[in-house]
Amino acid sequence: MIDEHPLQRTSAQLSPQSRGDAEQPLVIIVDDDASVREALSELVLSAGLQPASFASTRELLDAEVLDRPGCLILDVRMPGTSGLNLQESLAQNGNSMPIIFLTGHGDIPMTVQAMKAGAVDFLTKPVRDQTLLDAVVSAIEIDACQRAKAEVVRRTVERLATLTPREREVLHEVARGRLSKQIAFDLGIREVTVKLHRSNVMRKMKATSIVELIRAWETLPLPMRGDSGA
Amino acid sequence: MTSVWLHRPRLMYLGLFSAAYVLGCGFAQSLAIVPGTGISIWPPAGLFIATLVLASGPSWPWWVGVGCLSELAGNALWFHSPLPAAVLIYAGNALEAMAGAWLVHRFCGRPVRLETLREVLVFVVMGAGAAPVVSATVGSATLAWFGIQSQSFTAAWPLWWIGDATGVLIVAPLALVVFQNWRGAAALSAKRWGEASVLGLIFLGVAALSLSGYLPFAYMIMPPLLWASVRFEFKGAAITLALLALITAVFTISGASQFAGDPESQKEKQVMLHLFLAISAFSALIVAAISRQHQQALVTLRQNVDALRDREWEFSQLVGMVPSHLWRLNPDGEPIFFNRRMVEFLGMDVPDTDKPGMSRLEALSEAVHPEEAEKFRGTLRRSLATGEPFRMRYRLRRFDGAYRWMSSAANPLRDEGQRIVQWYGLCHDIDDQVRAEEALRERERGLQELVDAMPVNILSFSPSGKMTYASKRYLEQVGSPLSHIEDFNALAKDLAHPDDFPTMFERASNGFANGEAFVNRFRRRDKQGVYRWIEARAQPLRDSSGAIVQWYIASIDIEDEVRAQEALRAAHESLARQSQAASLAELSATIAHEVNQPLAAIVANSHACHRWLSADPPNLDRAKITAERIIRDANSAAEVIGRVRALFRHSPQARSPEDVNRLISEVCRLMADEITAKVIRLETNLNPGLPLVALDRVQVQQVMVNLLRNGIEAMDGLLDGVRTLWISSCRDGTDAIRVEVTDSGGGFADAERVFEPFFTTKQQGMGMGLAICRSIVESHGGRLWAVNNDDRGGTVAFTLPLAVTETS
């Protein structure tokens, strides 16, 4: 269950730089021990962040909060699906929300597994407030960064969608560093036409220079880059 | 009187006797040719003696009486003597007969057959010589006394004596012949009859010729007379004598003989006649007796020869049939006889051993197996040289070339001068015996090898405790027992470890005393002086009557086994310690987790509280909330510590009335993920009307979790079928409730051992689970048990009493 009240109440009062519920990073806490859950929420809240706590993995998945910006604080040992299992399944689903692990008695193999799978930190209970909050802040930054990158890609993809097939072919060849003359010869069209297509592409892709165009192209995922011009 | 009456002879015999007596009297009367004497040959004397000789003693009075009557009759007919004289004369005659018969019996014994020279001589001397003295004396005296025919005693006596003697000599043999051949005519062959006839004719002829002339011619009759005596023995002699007497009498009476003459010479003639007849009779009887004796000797000899031949035949049969070889050697060792068996065996007889260029003995020794031939020759040669008995076993070649074992022995036969005359040898076929012995030895060796090969020491003792056998292995391992420790008790004391000896000895003594098999485990010292553990089993061997004949003891070295057991026990102990340590570690981890949670919460809340208070402005409301939480969590941590301490003290904790069904439901929810992950169907069958039970919630939950987890794990290896777990609750009698957890897994291999600590079938796990569960349930006053289901899987059930009996 989500502790709704502290979240709503504190977000209004204690986060001056908050940009509304949807955009504020959410610190999601999953622990089977209620007192620990409460205490961690309180700590997050006191740091001016918005906590959301769940007693089990199942409750977390039911709440559909994982697409929001923020990070996860997971207890390694929990009844049902453990924290490590959850990390694994999130990775498989393409969810890259940063994870901080908390455990009562962590051993080295467990730590190694968690860190290899991309955990931000692996902390043992009881935890010092600063350690935890530092980890949370860095996790949120990682998340924000990831989200910003994802936004750029999303925009580029949107712009790419507006190109005609011929423009896409031309873009592909340009990105490969070929001259207009070569492109014209390859495609069997005149050089003037190629230049026309190129200017259209730059306009549609909102690129002010060829360099900018190529940089945008390179943010695209590989499959997208390869499918045109083949 | 009755005895005399009983011995009365048959009347016919008496009658015949009487008639013969009277006729004899008449015959004597007719021969009394000497005028005035009336004395002549007296045949009744011979008849009387012969009769009494043959008759039994007690019947004599009859004969004497009948003789008396007969003589008186004869007297009345012919002699006409006065009755007293006749009676006296008869008394003399009777005395003569009785004396003669008695004397003959006295010197010859019964029966009198006159067949030997001795009998004949006795008869002649006693019957014909001595007995007539009596009658002659009595008769002559009577005549003289009564003056009958004016006879003087001296003149009458010789005549009387010789008359009686001649009568006895002539008539008695004839009478004996007649009496003795009364039944069954003499079986004479035709040839004998012919000879008898010829002899009779010659005799008659010679008699007619000789007796009618000059006196010395009378003796010409002797050769035919002796011929008859020789050829026809006693019968011939008797009959010819009777004939001679008759002929002589006839010739004398008729006056034709040389014994008839003028009255002066009559007396002398009479004597001559009597003498002639007496000499003839004497000669004939003697010759007959000699002939008879000769004949009998011949018969005896023939019989002896026959008997000897029969015996020899039997002996040769025996020698032939004896199932052994008999052989004889001459003093030089040359074989001179083989019995039939030996000949059959060798396929050669003594003559077959005559081979060119070698002696018989060498030829014989060729039949001995080459391996023993040399020894055979040597031994035999030594025996021959020294005269020592020969004894040897060797193989002898049979006619078909097969060799058979023989046991041979030969002894020398010595004469009076101790010179060796012959060697007698006996030789048995012992081949079957030798082979049986070999087979037996072979078997014994095999058995011995078996005994030696077995990794067991075998000893045997007599019922009195003396060692009678020790196997090779025993001797190798323990060393050969000294003579003074062959006794079981001494042996045990010497070899058993001093610590083990009393127990071992007591058990053995009991076993020996009661005749019961027993087993002992003790340390025994071996050859090197090292004590090793052995297990000794003793078993008595009894005979058919049940008495113990022998004790057999088989001992096995169990040193390694004992060592392994010790190692196992040590391993067990170490494992138990390790397990304890491990469970302690597990427990401490659990405690750490339990305590860590509230501690983590306290730390986090403290930080939060600090932050609220440090904020500008301080958020006192939130700080207060966090402070309250800190207090709450600290208390809960203290509670955990208290519960753990209570658990270790094994003291019942605060129990609260609980709904068991709710407890089960909670546990099921707790286990839901695990159950789903393992694809197990969980079915519950909870009785809704169960009363509340006072229990330690955490502990009972722990039990349930444990049982469910066991059930789940039991179905891990299950590949087919549906994995189902049932949980049910119900009333158990009036004062308890029962909870059962049933799985469809493999069941328990041993439903009781699962509760033993450290009993586990799992790859990981201490085997403490069910043991702890049981102790928890029992601390609640209930019971926990496991059973295998009829179809598949197992069930673990426990009861919880409604009225708690406090157990600590």
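**Note on the predicted two-chain model**

1. In strand E1 (residues 325-329) of chain B, the side chains alternate between two faces. The model is a predicted one.

2. E1(B) has pairing partners in chain B. With strand E5 (residues 420-429) of chain B, E1(B) pairs in the antiparallel sense over five bridges. With strand E2 (residues 335-338) of chain B, E1(B) is joined by three bridges, and these two strands also run antiparallel. Trp327(B) takes part in both pairings: its bridge partner in E5(B) is Gly425(B), and in E2(B) the partner is Phe338(B).

3. What do E1(B) and E2(B) form, with five residues between them? The two strands make a hairpin. In its turn, Gly333(B) has a positive phi of about 90°.

4. The largest nonpolar core has 86 residues. Those with the most contacts inside this core are Ile49(B), Val104(B), Val168(B), Leu169(B) and Ala284(B). Helix H7 (residues 153-180) of chain B supplies the largest share, 16 residues. The core lies between domain 1 (1-184) and domain 2 (185-321) of chain B, because both domains give residues to it.

5. Leaving out residues up to four places away in sequence, Ala284(B) touches Leu225(B), Leu226(B), Ser229(B), Ala237(B), Thr240(B) and Leu241(B).

6. Where the chains meet, 18 residues of chain A are in contact with 22 residues of chain B. On the side of chain A that touches chain B, helix H2 (residues 34-46) of chain A gives the most, with eight residues. By class, that side of chain A has eight nonpolar, five polar and five charged residues.

7. Is Ile591(B) buried, partly exposed or exposed? Ile591(B) sits in helix H18 (residues 559-614) of chain B. Within 10 Å there are 15 other C-beta atoms, so Ile591(B) is partly exposed; a buried residue would need 20 or more, and an exposed one has 12 or fewer. Ile591(B) and Ile641(B) are 50 residues apart in sequence, and their C-alpha atoms are 7.9 Å apart in space.

Methods. Residues are numbered from 1 along each chain as its sequence is written. Chains are lettered from A and ligands numbered from 1 in the order in which they are written. This is a predicted model: local features need pLDDT of at least 70, side-chain atom pairs count only at pLDDT 80 or more; totals for chains, interfaces and linings use all residues. Two residues are in contact if their C-beta atoms, placed from the backbone, lie within 7 Å. Helices (H or I, at least four residues) and strands (E, at least two) are DSSP runs, numbered from the N terminus. Ala, Val, Leu, Ile, Met, Phe, Trp, Tyr, Cys and Pro count as nonpolar, Asp, Glu, Lys and Arg as charged, and the others, Gly among them, as polar. A nonpolar core is a set of buried Ala, Val, Leu, Ile, Met, Phe, Trp, Tyr and Cys residues joined through C-beta atoms within 7 Å. Domain bounds come from an automatic or database domain assignment. Two strands pair if DSSP finds at least two bridges between them.
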